[in-house]
Amino acid sequence: MKITLFTNEYPPRIYGGAGVHVEYLTRELSSLNGAGNDISVLCFGDQKVHKGNVSVEGMHLNGDFPFPGGRHRKLLDTLCRNIMMVGAVSGTDIVHCHTWYTHLAGCLVKQMFRVPLVITVHSLEPQRPWKEEQLGAAYKASTWMERTALENADGIIAVSESMRTAIHDLYGIPFAKIRTIPNGIDVQQYRPRPNHAILSRYHIKPDKPFILFVGRITRQKGLFHLLNAVRYVAPSAQVVLVAADPDTGEIAQEMTGRVRQAQTETAHEIIWVDRFVPRDDLITLYTHAAVFVCPSIYEPFGLINAEAMACETPVVAAAVGGIREVVVSGETGLTVPFAPMGPDNPEPRDPKRYAEHLAEAIQSLLASPDTMRSMGIKARARVIALFSWKTVAEKTLQFYRDLVQQQH
C-alpha cells in the first residue's frame with residue numbers, strides 16, 4: 001500500500017505529542033508486513049530523507065507574505081505549505097492527516113486522487129480557546145478547516161474514547177466513522193535509565209526528591225496552576241520544570257514573572273529548564289523524578305503521562321480527557337478533581353481549589369516512598385500491556401485497508 005502522511009511536525013522539528021505520534025507511527029508502518037508498505041511523509045520544514053520504503057520531504061518557504069498581521073501571516077504560511085504538499089504527491093492509495101495544519105491538503109488530495117482521507121484527531125480547536133492568543137482571528141479559520149475536513153473525511157482516528165465522544169458532540173460526526181486508536185510508547189526506549197551525571201547537568205540534586213513537569217508553555221498545559229500549587233507542597237522536594245516553546249511572547253514574559261514570583265515567595269528550589277532537552281536526557285529525568293505532574297486543563301490523550309509511566313514514575317494529573325484512560329488513579333498515580341468553567345472555557349472554575357488538589361495529591365505520594373515505588377512498577381506494566389506502537393500501527397493499517405476496500 002502507498003501511504004501518504006501529512007503533518008506539521010516531523011523530526012527534527014518536533015514540539016508536541018502529534019509530532020512524536022507521526023514519528024513512531026511512520027517507523028512501525030514501514031516495518032509491518034515485511035516492509036511492504038511505501039510511506040511518504042510530507043511535513044513543514046526542510047527535511048529531505050529517503051531511506052528504504054520511507055521518504056520524508058519538508059515543505060519550505062523561502063519568501064514571506066506582504067501581510068500586515070503577523071498572526072494572519074502564520075495562517076497564510078500554513079495554507080501555502082498545504083498547496084505545496086498537494087503538488088508533491090505523485091500517487092497514493094490513502095492520505096492520512098495530522099492536526100488542522102494539514103487538513104486543506106488532505107481534502108484536496110482526496111478529491112484529486114480519489115483516495116480515502118483519514119484524519120487522526122490529536123486535539124480539537126473549539127476546546128482550545130487560548131489558541132486565539134496565537135492566531136487571532138485566524139483561529140476561526142482553523143476551526144472552520146477542522147470542521148470541514150472532519151465532515152469530508154472517510155475515516156477518523158480518535159486517540160481516546162473521550163476524544164471520540166468530543167468529535168461526535170462538537171461536529172456531529174457519526175460514531176461509525178470514528179475509530180479509537182490510542183497513542184503508543186516505545187517501551188524499549190522509554191524505560192528506567194538512571195544517570196546522576198545527567199541530573200547534575202541540569203543542576204538537580206540527586207540526593208533530594210523532585211517533582212517533574214514537562215511540556216510547552218501554553219495555557220493548555222496548566223503550568224501556572226502547578227506554580228500556584230507549589231506553595232502548598234512541603235519544600236523538601238525540588239520542583240523541576242522542563243518548559244519551553246512559548247505560544248506567544250506575552251505568555252513567555254508571564255512565565256518568567258510567575259517563576260520568579262514562586263522562587264521568591266516559597267522556600268522551594270525551582271529549577272526551570274527553558275531549552276530543548278534531548279530525549280535520552282528526558283528519559284533520565286523521568287526515571288529519577290519522585291512524581292511526574294501533569295496539570296493540563298485539556299489533554300485528548302496525554303502521551304507525556306505514558307512516557308513517565310513507562311519509566312516507572314507515578315503520575316499526578318487532572319482528571320480530564322484521555323488522561324483518565326491512561327492514568328489509573330490509586331494504581332499508577334493519582335488523578336485530581338477538575339471542574340471547568342464551561343464547555344467553551346476549559347479553565348478551572350475554582351483555580352485555588354484546583355491548585356490545592358494538585359498539591360494534596362503530590363504531597364500524599366511524596367510522603368509514601370513505598371506507594372510511589374509500587375505505583376511506578378504498575379505504571380510501566382500498564383504501558384507495556386496497552387500502548388505498544390506495534391499494536392497502534394497494526395490497528396491503523398487495518399483501518400486503511402477497511403476504507404480502501406469500502407471505496408472499491
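**Core, sheet and packed helices**

Of the 141 residues in the largest nonpolar core, those that touch the most other members are L212, L241 and Y286; such a core is a set of buried Ala, Val, Leu, Ile, Met, Phe, Trp, Tyr and Cys residues joined through side-chain atoms within 4.5 Å. This is a predicted model, in which local features need pLDDT of at least 70 and side-chain atom pairs count only at pLDDT 80 or more, while totals for chains, interfaces and linings use all residues. Residues are numbered from 1 along each chain as its sequence is written, and side-chain values use heavy atoms, with hydrogens and water left out.

**Buried elements**

- L212 touches V240, V242, L285, Y286, A289, V291, F292 and V293 (heavy atoms within 4.5 Å), not counting residues up to four places away in sequence.
- In helix α8 (residues 223-230), seven of the eight residues are buried, meaning under 20% relative accessible area with a 1.4 Å probe, protein chains only.
- Among the buried residues of α8 are F224, H225 and L226.

**The sheet**

- Eight strands form an open sheet with mixed pairing, in the order β3-β4-β2-β1-β5-β6-β7-β8; strands pair if DSSP finds at least two bridges between them.
- β3 (48-51) and β8 (178-180) stand at the edges with a single partner strand each, so one side of each has no neighbour in the sheet.
- The twist averages 20° from one strand to the next.
- Strands β1 (residues 2-7) and β2 (residues 38-44) run parallel and are joined by six bridges, and T7 stands opposite C43 in β2.

**Helices on the sheet**

- Helix α6 (residues 161-171) packs on the sheet, touching β6 (117-121), β7 (155-158) and β8, and its direction makes about 165° with that of β8.
- Helix α15 (residues 389-407) lies across β1, β5 (94-98), β6, β7 and β8, at about 165° to β7.
- Angles run from 0 to 180 degrees between N-to-C directions, with axes fitted to C-alpha atoms, for helices over the stretch in contact.

Notes
Buried means under 20% relative accessible area, exposed over 50%, partly exposed in between (1.4 Å probe, protein chains only). Helices (H or I, at least four residues) and strands (E, at least two) are DSSP runs, numbered from the N terminus.
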